[in-house]
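Morning, everyone. Have a look at the screen.

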Amino acid sequence: MRSGKFYCNLKNLELKKKIAEVYGFPDYKILENFFTAIIRIRNICSHNGVLYDFNQPVNIGKIPHKRYGVKTRNNNNLNASMKLILFILSKISVNRAEEMEQKLIKLFADLDCCEEVQRVIEQKINFDIS
């Protein structure tokens, strides 16, 4: 996610604004917030951290045309992070985003057999892709 850090570290605000506009964001700070959240998820994954109960230390900004979930309005839990990743991926490739979403739905559906795992999914992750 070097591009995210690169974007966040740009000093030229006009360039940041132009890049944000290309991706459909009216304010560059929204894109900065999104990249920062994705970088945190990437760091947890790459450094063997516990991901299932991870909460972003700062709320993820409102994702256009997405709700954070019917079960919870939490915009810093893993469910919100997954929605953010799907949203940003859709800006690059709608097909890859749809493919990833279907794989997530199948993965969580396949875990329905274990009561303990299901409890973690419901209480910690609040999985609700929609």
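Start with D110. Its relative accessibility is 45%, so D110 counts as partly exposed. This is a predicted model, by the way. Keep that in mind throughout.

What does D110 pair with? D110 forms a salt bridge with K106. The closest N and O atoms are 2.8 Å apart. Both residues lie in helix α5, which covers residues 94-110. They are 4 residues apart there, so about one helical turn separates D110 from K106. K106 has a relative accessible area of 51%, so K106 is exposed. The cut-off for exposed is over 50%. Next, a network: R96, E99 and K103 are joined by salt bridges that share partners.

L107 is partly exposed, at 44% relative accessible area. Together with L111 and V117, L107 makes a nonpolar surface patch. The patch is about 200 Å².

Now step back to the whole chain. How many helices and strands does the protein have? There are 6 helices and 0 strands. Along the sequence, the pattern reads α-α-α-α-α-α. The protein has 130 residues, and 35% of them count as buried.

A word on confidence. The mean pLDDT of the protein is 84. Of its residues, 88% reach 70 or more. Which element has the lowest mean pLDDT, and which the highest? Helix α1, residues 2-8, has the lowest, at 76. Helix α2 has the highest, at 93.

So let's go to helix α2. A search of the whole structure finds 6 salt bridges. One of them joins the side chains of E14 and K17, at 3.6 Å from N to O. Both residues lie in helix α2. They are 3 residues apart, about one turn of the helix. How accessible are the two partners? E14 has a relative accessible area of 48%, so E14 is partly exposed. K17 is at 35%, so K17 is partly exposed as well.

E14 also gives us a distance to another part of the chain. E14 and Y28 are 14 residues apart along the chain. Their C-alpha atoms are separated by 9.2 Å.

Now K16. The side chains of K16 and E32 meet in a salt bridge, 2.2 Å from N to O. K16 lies in helix α2 and E32 in helix α3, so this pair ties together parts that are 16 residues apart in sequence. Are these two buried or exposed? Both K16 and E32 are buried.

K16 has another contact. Its charged end sits over the ring of Y7. The distance to the ring centre is 5.8 Å.

That brings us to the rings. How many aromatic pairs does the structure hold? It holds 4. Take F25 and F87. Their ring centres are 6.0 Å apart, and their planes are at 70°, so the pair is edge-to-face. The cut-off for edge-to-face is over 60 degrees. Where do the two rings come from? F25 is in the loop between α2 (13-22) and α3 (28-46). F87 is in helix α4, residues 78-92. They are 62 residues apart, and the pair links distant parts of the chain. Both F25 and F87 are buried. F34 comes in as well: ring pairs link F25, F34 and F87 into a cluster.

The charged end of K91 sits over the ring of F25, 5.7 Å from its centre. K91 is in helix α4. K91 is partly exposed, with 38% relative accessible area. By contrast, F25 is buried, as is F87.

One more distance for K91. K91 and V22 are 69 residues apart in sequence. In space they are 10.0 Å apart, C-alpha to C-alpha.

In helix α5, find D110 and K106, about one helical turn apart. Between helices α2 and α3, find the K16 and E32 pair. Then find the cluster of F25, F34 and F87, with the charged end of K91 over the F25 ring. That's it from me.

Technical notes
Residues numbered from 1 in each chain as written. Predicted model: local features only at pLDDT ≥ 70, side-chain atom pairs only at ≥ 80, totals over all residues. Heavy atoms only, no water. Phe/Tyr/Trp six-rings, centres within 6.5 Å; stacked < 30°, edge-to-face > 60°. Helix = DSSP H or I, 4+ residues; strand = E, 2+ residues; numbered from the N terminus. Buried < 20%, exposed > 50% of the residue type's maximum accessible area, 1.4 Å probe, protein only. Lys NZ or Arg CZ within 6 Å of the ring centre and 35° of its normal. Salt bridge = Lys/Arg side-chain N within 4 Å of Asp/Glu carboxyl O. pLDDT = per-residue confidence, 0-100. Patch = residues over 30% accessible without salt bridge, like charges linked within 9 Å, V, L, I, M, F, W, Y side chains within 5 Å. Areas by Shrake-Rupley, 256 points an atom, 1.4 Å probe, with all protein chains shown as cover.
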